[in-house]
Amino acid sequence: MNIETGLLQPGQARCPAESTQEIIARDARPAPAWAASESYEYLGSQDITKDRYTEASFAHAEFEKLWTRTWQVACREDQIAEVGDYQVYDIGPYSFVVVRSDDDEIKAHFNACLHRGTKLKPSASEGFALNIKCPFHGWTWNLDGSLKEVPEKWDFSHFTSGKTCLPEAKVARLGGFVWINMDPDSPSLEDYLGEEALAHLKAWKLEDRYIYLHVQKSYPANWKLTMEAFMEAYHVGDTHPQVAPANGDVNSQYDIYGDHVDRFISTLGVVSPKLAGKYSEQDIIENFTMGDSSAMGGGKPQLKEGERARQVMADMFRGMFEKATNTDLSAFSDTELLDTYSYTFFPNLFLFPGISLPMIYRFRPDARDHRRTIYEVMFMRPKPLTGPVPENASVEVLADHQSFAEAKGMDPGFGHILDQDTDNLYAQQEGLEASAKPGITLGDYQEIRVRHFEQAVDKYIAMDAKLPDWTRLQRG
Ligand code: FES
Ligand SMILES: [Fe+2]
């Protein structure tokens with residue numbers, strides 16, 4: 001039974017080569033249950049309309065319906081470790097001062113003065129403050145959002161006798177992240193993610209990591225199109241041909257969990273099924289590229305008779321990485337160490353919690369241009385066993401013409417991979433606008449994350465607008 005004969009039922013299509021689970025099952029250090037499991041679901045085969053990528057009105061609807069209702073990562077908890085530390089999280093037209101207001105309390109205040117509306121803290125800024133003071137006339141709030149001072153108060157009794165606190169979004173803490181939601185009626189973050197995805201996130205223990213590299217660049221495409229460039233490994237052979245000799249691409253595994261989370265697992269240290277027979281196990285070693293290659297020192301081992309590249313890389317990487325970064329990886333299975341685990345947390349977060357490619361991606365639409373996306377890449381490392389935890393890296397913003405490989409601390413080979421993805425996005429955004437075809441076509445299996453993601457978008461777009469409601473967000 002195969003796809004050519006037309007005998008498969010919808011959703012049964014799979015790469016005929018060895019599966020991800022079969023590859024993982026041969027590892028010396030066995031995978032935990034949540035890795036050694038599958039959760040694919042067939043969600044239909046219809047085309048996805050292109051207006052969602054090309055129309056400014058669609059982006060406008062998203063700002064009124066989707067971004068105002070969903071849980072989003074605003075920053076890392078460690079980035080606001082001390083009382084008074086703050087980070088500004090901007091999402092489209094909205095902006096929040098996310099501040100540690102007490103030892104165990106974090107607030108997300110709408111970043112706008114209640115006098116004449118001035119932004120209280122500049123967009124994309126971070127810092128430390130004893131209170132939140134407007135630069136225009138000096139109205140000032142305490143860190144918890146209660147009013148501290150109105151200069152010439154005698155002129156504003158009509159204000160001070162009413163609601164004076166800064167409105168705030170809901171805040172949750174999970175995985176070392178600070179999440180916010182503008183909707184007072186939203187489900188809890190736990191319910192939003194669902195039991196199974198929550199268990200995965202907790203198992204990765206991302207609160208035990210820190211960010212050692214943070215790079216941002218503006219991409220010339222709609223935010224959904226940009227995200228979708230990273231949701232499948234189907235493009236690896238043609239877009240990143242240098243990776244295929246050491247990457248199980250078209251036999252990657254795809255899973256979905258509820259409405260808001262999905263993932264793929266793409267194995268490393270094995271050859272692409274498309275190149276089967278063309279590369280030896282030693283060739284796989286020679287072609288191995290890692291996002292966090294700092295520990296490898298450029299050396300590539302020579303395989304002995306009967307050794308498999310994947311296992312040798314796992315064993316070698318484990319030892320060298322532990323030594324180079326003063327960490328303990330004994331609890332990690334080979335697949336967690338080596339493979340690319342990519343999770344989408346709807347709407348705009350990707351987590352790659354594996355150790356060899358340990359990243360966070362965050363995507364934010366440009367408020368003024370539905371064809372532009374602010375894309376951030378953060379690399380994580382486990383916190384060292386002893387000694388101080390390094391500070392989270394500050395963001396390095398790249399100009400449009402710059403290569404990701406120019407970012408300080410970026411593995412040049414990996415920077416080049418990200419550049420290859422950008423080049424496609426120029427062509428894809430413009431191609432969609434030029435196309436006579438009203439939609440895009442998706443593979444039933446390899447592109448299930450794209451379909452799953454767009455179905456969640458559609459779910460929110462079908463709802464009524466829900467703008468931040470002053471009367472409900474204000475504590476009095
Ligand atoms: S606008 Fe903020 S104090 Fe006047
Ligand atoms: Fe890519």
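## The eight-stranded sheet

In what order do the eight strands of the open sheet with mixed pairing run? In this predicted model, the order is E13-E14-E15-E16-E17-E18-E12-E19. The edges are held by strand E13 (247-257) and strand E19 (396-397), each of which pairs on one side only.

Let's look at one pairing inside this sheet. Strand E14 (residues 261-268) and strand E15 (residues 340-345) run antiparallel and are joined by six bridges. Within that pairing, Val-261 of E14 faces Phe-345 of E15. Helix H13 (residues 448-461) lies across E13, E14, E15 and strand E16 (349-352), and runs at about 165° to E14. The loop between E15 and E16 holds Pro-347, and a cis peptide bond with omega of about 10° joins Phe-346 to this proline. That is worth a second look, since most peptide bonds are trans.

## The seven-stranded sheet

A second open sheet has seven strands, in the order E2-E11-E10-E5-E4-E3-E6, and here the pairing is antiparallel. Strand E2 (72-76) and E6 are the edge strands; each has a single partner strand, so one side of each has no neighbour in the sheet. From one strand to the next, the twist averages 30°.

Three bridges connect E3 with strand E6 (residues 126-128) in an antiparallel pairing, where Asp-85 has Phe-128 as its bridge partner. With strand E4 (residues 94-102), E3 also pairs in the antiparallel sense, over six bridges, and Asp-90 is partnered by Ser-95. E3 and E4 form a hairpin with two residues between them, and Gly-92 in the turn has a positive phi of about 60°. E4 in turn is joined by six bridges to strand E5 (residues 105-110), again running antiparallel; Phe-96 stands opposite Phe-110 of E5.

How many of the seven residues of E3 are buried? The count is seven of seven. In a regular strand the side chains alternate between the two faces of the sheet. For E3, Asp-85, Gln-87, Tyr-89 and Ile-91 lie on one side, Tyr-86, Val-88 and Asp-90 on the other, and both faces are covered.

## Ala-244 and its surroundings

Ala-244 lies in the loop between H8 and E13, and its relative accessible area of 5% makes it buried. Beyond its neighbours within four places in sequence, Ala-244 contacts Val-236, Asp-249, Val-270, Val-271, Ser-272 and Leu-275. Ala-244 and Asn-287 are 43 residues apart in sequence, yet their C-alpha atoms are 8.5 Å apart in space.

Helix H10 (residues 309-325) has 17 residues, which should span 24 Å at 1.5 Å a residue; the end C-alpha atoms are 23 Å apart, so the two values agree. Its buried residues include Ala-309, Val-312, Met-313, Met-316, Phe-317 and Phe-321. The buried residues of H10 pack against helix H1 (20-25), E14, helix H9 (281-286), helix H11 (334-338) and strand E18 (369-382).

H10 is followed by Asn-326, whose phi is positive, near 55°. Asn-326 belongs to the loop between H10 and H11 and, at 30% relative accessibility, counts as partly exposed. Lys-205 also has a positive phi, near 50°. Lys-205 is in the loop between helix H6 (195-204) and strand E12 (209-219), and its relative accessibility of 46% makes it partly exposed. Most residues other than glycine have a negative phi.

Conventions:
Residues are numbered from 1 along each chain as its sequence is written. Chains are lettered from A and ligands numbered from 1 in the order in which they are written. This is a predicted model: local features need pLDDT of at least 70, side-chain atom pairs count only at pLDDT 80 or more; totals for chains, interfaces and linings use all residues. Side-chain values use heavy atoms; hydrogens and water are left out. Two strands pair if DSSP finds at least two bridges between them. Helices (H or I, at least four residues) and strands (E, at least two) are DSSP runs, numbered from the N terminus. Contact means heavy atoms within 4.5 Å. Axes are lines fitted to C-alpha atoms, for helices over the stretch in contact, and angles run from 0 to 180 degrees between N-to-C directions. The expected span of a helix is 1.5 Å times one less than its number of residues. Buried means under 20% relative accessible area, exposed over 50%, partly exposed in between (1.4 Å probe, protein chains only).
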